[in-house]
Amino acid sequence: MLTEVMTPNELKKIDPVFGQMSFDDHEQIVFCNDKDTGLKAIIGIHNTVLGPALGGTRMWKYNSEWDALNDVLRLSRGMTFKSAVTGLNLGGGKAVIIGEAKTQKTPELMLRFGEFVHSLGGRYITAEDVGMVTSDMDLVRTVTPFVTGISEENGGAGNPSPITAYGVFMGMKAAAKFAYGSEVLEDKVVYVQGIGNVGEALVENLSNEGAKVYIDDINLERLEEIRDKYSVSIYTGDNLYGEEMDIYAPCALGATVNDTTINQLKAKVIAGAANNQLADENKHGMILREKGIVYAPDFLINAGGIINVYAELENYGRQEIIRKTENLYNTTLEILNNAEISGITTHQAALDVARARIATRKKEK
Ligand code: NAD
């Protein structure tokens, strides 16, 4: 068959794994299947130069196996750079389980998945992601030590979301310092989009500092609950992007900075928890730069969660978790300055730091 006349789906199947668009020299990709429990999972190990590949397990009802593979390739690569830029001795990995968590996640399936993780001998260490809760990790812990994000009762570091939010708060302060000359967020108008686990804790930090916080979510009950708890305002309009604001904090979904929204944005700073905020890293990163909007790279400022689970491997306590998370302020500021000096996007500047760290370690090996 001629490649010019093939559909994108047919093209994908020419080189089903190494030819995938998201394939980026991943070290190992493991397909896990268990007939008895219905488990179908893929573990992606992107890079282990800095240490074992750590990253959460996502359970999702993917439209196709191609989508699942693409997701695990993309997410595991992201973990490599997140840990590298944060200064952790961890590689990048991720796992996806194909299926709907609400109806198909059984204890047997999770245990079988844990056994597959165990079979990799520690090259991959799992944690929770979408579709997983702390008790799932506790269960996996019964069959393998290569799991983090377990409950405090079982000796783990517990829920990472408040730490993730604190890191985002630090990154936001660094971006404010860069954009406004001061890290103080008092009286700054901040829109928090998505007030789930991370969004709520971010709202708490912001309102304690005296920022003027507007909250947005698709869950109306949640909006009212958070408004009453922290005395913040609910955004009632229908196009948040065009609103006058100082800081936009995406804490729900990815790709909200895209072709449609980017020219409406009036914020001077973008700093939030959501992964993959830029629909197109290069194109939208460059447009933000040209518009003078300071973008704090998502994979850097949302690293609090991985700092929290890393504590379980390195046996450090709360104080060190907080110290490392607060250091995201310095790293973010340094990266924003580097980007300015080199005339590149902030996303690229963060990637460059991560890649340089990996390259140096590789030479030392
Ligand atoms: P969550 O599921 O608890 O909260 C997400 C919130 O966004 C929910 O309240 C949901 O109703 C809301 N939402 C969904 N679609 C929306 C829309 N279109 N507009 C407005 N609100 C919408 O998730 P979380 O744990 O708070 O994580 C938030 C984001 O941060 C995710 O993108 C996640 O991948 C990322 N992240 C989380 C962590 C962590 O430690 N939890 C770490 C790193 C990155």
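**Proline 52, at 28% relative accessible area, is partly exposed.** Here, buried means under 20% relative accessible area, exposed means over 50%, and partly exposed is in between, using a 1.4 Å probe and protein chains only. The model is predicted, so local features need pLDDT of at least 70 and side-chain atom pairs count only at pLDDT 80 or more, while totals for chains, interfaces and linings use all residues. Residues are numbered from 1 along each chain as its sequence is written, and side-chain values use heavy atoms, with hydrogens and water left out. Proline 52 sits in the loop between E2 and strand E3 (53-54); helices (H or I, at least four residues) and strands (E, at least two) are DSSP runs numbered from the N terminus. Setting aside residues up to four places away in sequence, proline 52 touches Asn89, Leu90, Gly91, Gly122, Arg123 and Ile125, where contact means heavy atoms within 4.5 Å. From the C-alpha atom of proline 52 to that of isoleucine 163, 111 residues apart along the chain, the separation is 22 Å.

**Valine 72 is buried in this view, with a relative accessible area of 0%.** If we leave aside neighbours within four places in sequence, the contacts of valine 72 are Ile42, Ile43, Gly44, Lys94, Ala95 and Val96. Between valine 72 and histidine 46 there are 9.5 Å in space, C-alpha to C-alpha, and the two are 26 residues apart in sequence.

**The second largest pocket has a volume of about 240 Å³.** On a 1 Å grid over the protein atoms alone, a pocket is an open set of points where a 1.4 Å probe fits, with protein on both sides within 12 Å along at least five of seven lines, and lining residues have an atom within 4 Å of a point. Grid points are joined across faces, edges and corners, and the volume is the space filled by probe spheres set on the points. Lining the second largest pocket are Asp24, Asp25, Glu27, His46, Asn47, Val49, Thr80, Phe81, Arg355, Ile358, Ala359 and Lys362. Strand E2 (39-47), helix H2 (65-86) and helix H14 (346-364) each give two or more residues to this lining. The largest share, four residues, comes from H14. Sorted by class, the lining has four nonpolar, three polar and five charged residues; Ala, Val, Leu, Ile, Met, Phe, Trp, Tyr, Cys and Pro count as nonpolar, Asp, Glu, Lys and Arg as charged, and the others, Gly among them, as polar.

**Aspartate 25 and asparagine 276 deserve a look at their backbone angles.** Most residues other than glycine have a negative phi. Aspartate 25, not a glycine, has a positive phi of about 55°. Aspartate 25 lies in the loop between helix H1 (8-12) and strand E1 (28-34) and is exposed, at 64% relative accessible area. Asparagine 276, also not a glycine, has a positive phi of about 55°. Asparagine 276 belongs to the loop between strand E11 (269-270) and helix H9 (281-291), where a relative accessibility of 34% makes asparagine 276 partly exposed.

**The structure holds five aromatic pairs.** Rings of Phe, Tyr and Trp (its six-membered ring) pair if their centres lie within 6.5 Å; planes under 30 degrees apart count as stacked, over 60 as edge-to-face and the rest as tilted. The rings of tyrosine 191 and tyrosine 214 are stacked because their centres are 4.8 Å apart and their planes meet at 15°. Tyrosine 191 is in strand E7 (residues 189-193) and tyrosine 214 in strand E8 (residues 212-216), so this pair ties together parts 23 residues apart in sequence. Tyrosine 191 is buried, at 5% relative accessible area, while tyrosine 214 is partly exposed, at 29%. Another pair, tyrosine 310 and tyrosine 316, is edge-to-face because the ring centres are 6.0 Å apart and the planes are at 70°. Both tyrosine 310 and tyrosine 316 are buried. Ring pairs also link Tyr191, Tyr214 and Tyr235 into a cluster.

**Methionine 132 is buried, with 6% relative accessibility.** Methionine 132 is placed in the loop between strand E6 (124-125) and helix H5 (134-141). Not counting residues up to four places away in sequence, methionine 132 touches Thr57, Met59, Ile97, Lys105, Met110 and Met137. The C-alpha atoms of methionine 132 and serine 151 are 13 Å apart, with 19 residues of separation along the chain.
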